[in-house]
Amino acid sequence: MKKHSARVAPLSACNSPVLTLTKVEGDERSHDCTTPAEAQTQAGMEAGGRGSPCCQTCSMIHLKKIFWGIVVVLGVCSSWSGSTQLAKLTFKKFDAPFTLTWFATNWNFLFFPLYYIGHVCKSAEKQSPQQRYGECCRFFGDNGLTLKAFFTKAAPFGVLWTLTNYLYLHAIKKINTTDVSVLFCCNKAFVFLLSWIVLRDRFMGVRIVAAILAIAGIVMMTYADGFHSHSVIGIALVVGSASTSALYKVLFKLLLGSAKYGEAALFLSVLAVFNILFVTCIPVILYFTKVEYWSSFDAIPWGSICGFSVLLLTFNIILNFGIAITYPTLISLGIVLSVPVNAIVDHYSSDIVFNSVRVIAIVIIGLGFLLLLLPEEWDEWLIKLLTRLKVRKKEEIPEGNGDIVSGLQNKSRRTRPSMSSFTH
């Protein structure tokens, strides 16, 4: 059996998703459009003056990815903002953020069954659940998902997953959903800083600027409410949530590398198992100590709780597996687009005040988030674009000068008198 090693890769463009903290790669297929044989055929057809079918196929693939990207962006935006708003609504009747975190995390168990259903529907070589599970278990090592692998490779991430979601939900109790959603976008800046330090990722000045913008936005967001203790605690909670989320991503890259679709689905299902076995005692303790207490099970708003869990599961599924049909950058755009959606909802449903400081803070953090989406080669592309523009400008100037000179010569010929007029 081939030894499984961690496939560590740099977090290029910080494209790892928020909350769904794994970065998946292609499962069983390559997305390359041109093989060497096709390249020769393409060259021959271009020499003959005809269009290349491969280029047309690539164009159709890109158009299809962009179309699905729009669908995915709308799905990410609606599920993320919807789950945030439902959580805020739930806390009006059910003031138990940790219990809500525990309940929603249990739904992660559906990841692997849903993945297997997709595998049966799409794959040409169908495998039994046991066979597919056995292959995906190799992600944890040569011996599969052993007890040692469970505690060393899954349990720490289960703790970070719970902390990320709990701090985020607890922050929703303290401050409005607009501030929570925009502050959580600082997650990408924290991912870059940690990956630069821990993973030795490529240094990029534009990402340092983005990180500075994120920190400045956090300070301005705190100042927008006048440094009141209630808002400061809420901001600290959501910044802590973004920090644990970033730590999760970087540790996953450092210890486990990258995962295929089935491996990522199994890993997230294992996190649900850890949550059921080892985290269940905490909500029970909180209930009996009346830290998170409710009068009866009939008083629990099951509709909003289940709705929140379904939307959060949908959000995680789209982010983890949306990369199969579109570009990661488009997926990330759905997260930042949820900020104006939450702002509109808060404007009509709460007493939030959008003063100039808060608006500037939102714009600064959003700008930093967008800067982090720039690819690593953006500076090279910019240099090439400027070089081409300079070359075109130089080519146009001599042609223009030539036209002016020829025009002046023709004009002088027309105005110069003929020698025959003087001979008569």
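How many salt bridges does the count come to? The count comes to three salt bridges. The model behind this count is predicted.

Side chains of opposite charge can pair when their charged atoms come close.

## α6 against α11

Helix α6 covers residues 147-174 and helix α11 covers residues 261-279. The two pack at an angle of about 80 degrees. Their axes are 9 Å apart. Angles of 65 to 115 degrees count as roughly perpendicular, which means that α6 is roughly perpendicular to α11.

On the α6 side, the contact uses F150, F151, K153, A154, A155, F157, G158, V159, W161 and T162. On the α11 side, the partners are F267, L268, V270, L271, F274, N275, F278 and V279. By class, the residues of this contact divide into 14 nonpolar, three polar and one charged.

## α14 against α15

Helix α14 spans residues 328-349, and helix α15 spans residues 356-372. Their axes come within 11 Å. They cross at roughly 175 degrees. Angles over 145 degrees count as roughly antiparallel, so α14 is roughly antiparallel to α15.

From α14, the contact draws on S332, L333, I335, V336 and V339. From α15 come I362, G366, F369 and L370. Seven of the residues in the contact of α14 with α15 are nonpolar, two are polar and none is charged.

## The largest cavity

Rolling a probe the size of a water molecule over the atoms shows where empty space is left. A search of the whole structure finds two cavities of 30 Å³ or more. The largest cavity has a volume of about 90 Å³. Twelve residues line the largest cavity. Closest to its centre are N165, Y168, L169, F308 and L312.

Which elements each supply at least two residues of this lining? They are α2 (53-90), α3 (97-106), α6 and α13 (302-321). The lining of the largest cavity divides into seven nonpolar and five polar residues, with no charged ones.

## The second largest cavity

The second largest cavity has a volume of about 50 Å³. Its lining consists of A104, T105, W107, N108, W161, N165, S309, L312, L313 and N316. Two or more of these residues come from each of α3, α6 and α13. The largest share, four residues, comes from α13. Here the lining divides into five nonpolar, five polar and no charged residues.

Definitions and conventions. Residues numbered from 1 in each chain as written. Predicted model: local features only at pLDDT ≥ 70, side-chain atom pairs only at ≥ 80, totals over all residues. Heavy atoms only, no water. Axes fitted to C-alpha atoms, helices over the stretch in contact; angles between N-to-C directions. Parallel < 35°, antiparallel > 145°, perpendicular 65-115°, else oblique. Contact = heavy atoms within 4.5 Å. Nonpolar A, V, L, I, M, F, W, Y, C, P; charged D, E, K, R; others polar. 1 Å grid on protein atoms, 1.4 Å probe; cavity = no way out; pocket = protein on both sides within 12 Å on 5 of 7 lines; lining within 4 Å. Points joined across faces, edges and corners; volume = space filled by probe spheres on them. Salt bridge = Lys/Arg side-chain N within 4 Å of Asp/Glu carboxyl O.
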